[in-house]
There are 2 protein chains.
Amino acid sequence: MEKVWNSWGDEAKQRPLPEVAKTVLTSLLGPGNPLGEATLEQTASQLPPSRLGSHDLYCVEPGVRARYARGQSLADWLAFKQGKLGCAPDAVAFPESRDQLEALLNLAREHNWVVIPYGGGTSVAGHINPREGERPVITLSMERMNRLLHLDPISQLARFEAGVRGPDLEAQLNARGYTLGHFPQSFEYSTLGGWIASRSSGQQSLRYGRIEQLFAGGLVHTPRGEISLPALPASAAGPDWREVILGSEGRIGIISEAEMRVQPLPQKEQFYVSFFPGWQQGLEAVRAIAQAGIPASMMRLSHPTETNTQLQLALSQEKHRRLVKLFRLLGVGDSPAMLTWGVTGDRGQVRHSTRAIRRLLHSHDGRLALKGLGQHWKQNRYGAPYLRQSLWEHGYLVDTFETAANWDRIEALQQQMELSLKAVAGDTPLLSYTHLSHVYKQGCSLYTTYLFPAKEGFDASLAQWRKFKDAASRAVVEGGGTISHQHGVGEDHRPYLSVEKDALTRSGIQAVLEHYDPQGQMNPGKLLETP
Amino acid sequence: MEKVWNSWGDEAKQRPLPEVAKTVLTSLLGPGNPLGEATLEQTASQLPPSRLGSHDLYCVEPGVRARYARGQSLADWLAFKQGKLGCAPDAVAFPESRDQLEALLNLAREHNWVVIPYGGGTSVAGHINPREGERPVITLSMERMNRLLHLDPISQLARFEAGVRGPDLEAQLNARGYTLGHFPQSFEYSTLGGWIASRSSGQQSLRYGRIEQLFAGGLVHTPRGEISLPALPASAAGPDWREVILGSEGRIGIISEAEMRVQPLPQKEQFYVSFFPGWQQGLEAVRAIAQAGIPASMMRLSHPTETNTQLQLALSQEKHRRLVKLFRLLGVGDSPAMLTWGVTGDRGQVRHSTRAIRRLLHSHDGRLALKGLGQHWKQNRYGAPYLRQSLWEHGYLVDTFETAANWDRIEALQQQMELSLKAVAGDTPLLSYTHLSHVYKQGCSLYTTYLFPAKEGFDASLAQWRKFKDAASRAVVEGGGTISHQHGVGEDHRPYLSVEKDALTRSGIQAVLEHYDPQGQMNPGKLLETP
């Protein structure tokens, strides 16, 4: 797949905005304001010259440096689109083996370069963006280290090189009858090492667990040497150091290999869509299923605003009209909350779970269980990020943010999150909507999408985004949520981390970072400010 | 309950060795060698005088210092019984509030005392034993901080003071319709804080999770101040610092409060006992159930040696004879592997799981599902440690050790573990047997019990134990197991930790310990050697 250099995903998968969407957007947000788009050549030509000479092990070509300069946050996107990267790595390397990785890290240590580990470049929190500074910066892209090294079918462990992307990882496992089951929305481009370093969570985490539950052990190359974490089923032998590597965001070292808990491909998998008369009934139902421990493989509950927006975009007008009519007949009404849910397992488990879930949904006024819409969700499960390009072309910007909180906070938090955006929108038209997913017995995640017309030019658009991002982040942490359930901290969430991680927790993490990276070379400023 | 000062458990619960056990033991191990037993007064009188003056906040009375000087390892037991404690804390404190705890820690910091956090004193790895040294030692027993502070039924979280013991914790929850579900064998005496600090696992971890999954957040008092860990359902915001507190064994600070994930009391719970013709069939069946994700609440598979020993001890001769006859009829034979298993949940879940488990057991040649023996297991689930006293009175010593490993290692590891004991037994008669429990998709734990007649006196008995302990610990780590699945590291497992935690992992943990405890006051020498 040829990835578009300044946008999400593969060239061939880009899709135009449906006519109905244009109508909806214009009515809600007014006309868009298409901004210009710089070419790769224009963008690359504006980069400061590399401070590193040419070398067999890395590349200093401006076009490559530009491509690897940013991730996929809206700020990154604007910078790519407008050719305003500001700074870029001085070199990009593509190690093909642990030896090459070590050689690169030795060079960096010797010359005191900054090292940025790069997985799939899908970060939406500024994880892989170089900062201005006196030291040369080298970005290490792990994409060529992507092999399955070992599969143990007895203990259900698979050891991979950590640069492997989602589809390659699953293809290698599927060919042997296994799956990891980690399907974040970024699945097509993000990598195993990136998932671990940023504590990723997949859409079916309810069945397969978060990356924390899947990562059994592996190798981390730090400036002080290699940490080897054994893959044990469980241990009481002191602090769990995997849990320090998980979420370390490149600050400790680079993950070169990871041993993952895999399982046989399921016999059967099915997705359904059901509807509730309102958000509250849906919340109660989802919590009841999670707390009863009924093994759904995913649940995603859309707030009525998201429900109506998504149904309008997914269905023809005729089908939509018929569904609305059906809603009235069934007592679902005009503000339906849509629940997408899945069951996965062997035939008996799927049958038993489906029955148990439907019973519980019904007792909470949930109606219907549509396979067609479930199938639609499945087919489009990685599609949302492509919308950004289609919207961009029509002059609209879109961003998302997410959190997780305890059940007792969810209802208020969802409101606070959306209100926080409105409070700083000023005269900028705004559309926002929210869903919950990744349910736990204790709580769930919330995920909010918001759209607004681009402002006049790069600076004004970026400034408006910063207002939204700051307001939303404050609302999240003040409302009792984590600053990130699945995107990590990076640069963008760091200012809000202190609510969740107090001064003594942060100083403890800092002590670990300084221990492994005494020169402060590894991805400085991400996660915690470098002192 | 009045705990016996130099033995396991409550005075009233001590139970004599059944006649049949005496016969079995004499035939297998020869006659026992009862050693004398010192009184508390004799033991206390041999302690060096306290180096601390009397104080409102702590007690320097020798009898109290003696009681709190040791845990429950076999070495501790011998020291208690023979009145040879060697050293003891200079004072024992019983803080009743966070303020008193802080005041005590401030005193300790000011005067550079060593601080030993004490939960229930049930450690079998030397966690709470003071070491000889120049600094005075104060043991902080958390037993008076035992209240339920808050219960949130929506998010299913309960906040407790961390000194609460198992039965008090469950009683406070049960009264409100909830349970934590953490039932280690030490349940009656061990505390919430101790479970967290040593990464405990309960007998029904298959349903409720290990303490790692139950501990959502809390407060840790370190020499640098208080760490507050928020109780979030999940987070991608950097390393998970709970996982550093978990297993920190008092080296970072004292856990004063913990917010725990609780759940409503189950509608139904049932335990069964089934039998396989051999260990291998049992292993295959247990692995199949675990990897299929069938929700059993516990599985414990006894090796044929353990099976036969336990049946002889549990049943009358008549009942045992009938069971053996039944085994022949059913094709189970003379070397049965006994599986104790449980199902817990609502009625529908229990019915569905029971059916699924029985089907799988049967397809692996598993026979019977006896409720009576299941009930017997339930009634005696915390009883095994009491046996040590009964055996002691007849001149036999008993110890256990445990590990966890991946499924591909289990069969070889079980053999190596038992052979390692035989290799150092010399002319000491030895009986050993093993079960597996705490099953995971990736592997399981192994738990070996061994008995031998006491040697001539304290020193010879201790020396023989050290040989067994060292040989077993080596066999465990060389065979690919963790040095502890549920008992922790403490003093006794520290020499074997390096196989699992490499030099760079240990130095990283050391950096954390030094950060929070710059004077090295907190439980020095446990987990890692203090530099």
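Between chain B and chain A, the count of salt bridges is zero, a salt bridge being a side-chain nitrogen of Lys or Arg within 4 Å of a carboxyl oxygen of Asp or Glu. Polar contacts tell another part of the story: 42 residue pairs, both at pLDDT 80 or more, are in polar contact between chain B and chain A (a pair of N or O atoms within 3.5 Å; within protein, one must be able to donate a hydrogen and the other to accept it, and residues adjacent in sequence count only if both atoms are side-chain atoms). This is a predicted model, in which local features need pLDDT of at least 70 and side-chain atom pairs count only at pLDDT 80 or more, while totals for chains, interfaces and linings use all residues. Residues are numbered from 1 along each chain as its sequence is written, and side-chain values use heavy atoms, without hydrogens and water.

Chain B brings 79 residues to the contact, and chain A brings 79 residues, where contact means heavy atoms within 4.5 Å. About 5600 Å² is buried between the two chains, with carbon and sulfur atoms giving 57%; buried area is the accessible area (1.4 Å probe) that two parts lose on being put together, summed over both. Of the area that chain B buries against chain A, 13% is supplied by Pro239(B), Gln442(B) and Leu504(B), more than any other three residues.

Now to a pair of helices inside chain A. Helix 11 (residues 279–292) and helix 14 (residues 347–363) of chain A have axes that come within 9 Å and cross at roughly 145°. Helices here are DSSP runs (H or I, at least four residues), numbered from the N terminus, and axes are lines fitted to C-alpha atoms over the stretch in contact, with angles running from 0 to 180 degrees between N-to-C directions. Where helix 11 of chain A meets helix 14 of chain A, Ala285(A), Ala288(A) and Ile289(A) touch Ile357(A), Leu360(A) and Leu361(A).

Helix 14 of chain A also holds Arg347(A). Leaving aside neighbours within four places in sequence, Arg347(A) is in contact with Gln267(A) and Lys268(A). From C-alpha to C-alpha, Arg347(A) and Arg300(A) are 23 Å apart in space, and they are 47 residues apart in sequence.

How values were computed. Chains lettered and ligands numbered in written order. Helix = DSSP H or I, 4+ residues; strand = E, 2+ residues; numbered from the N terminus.
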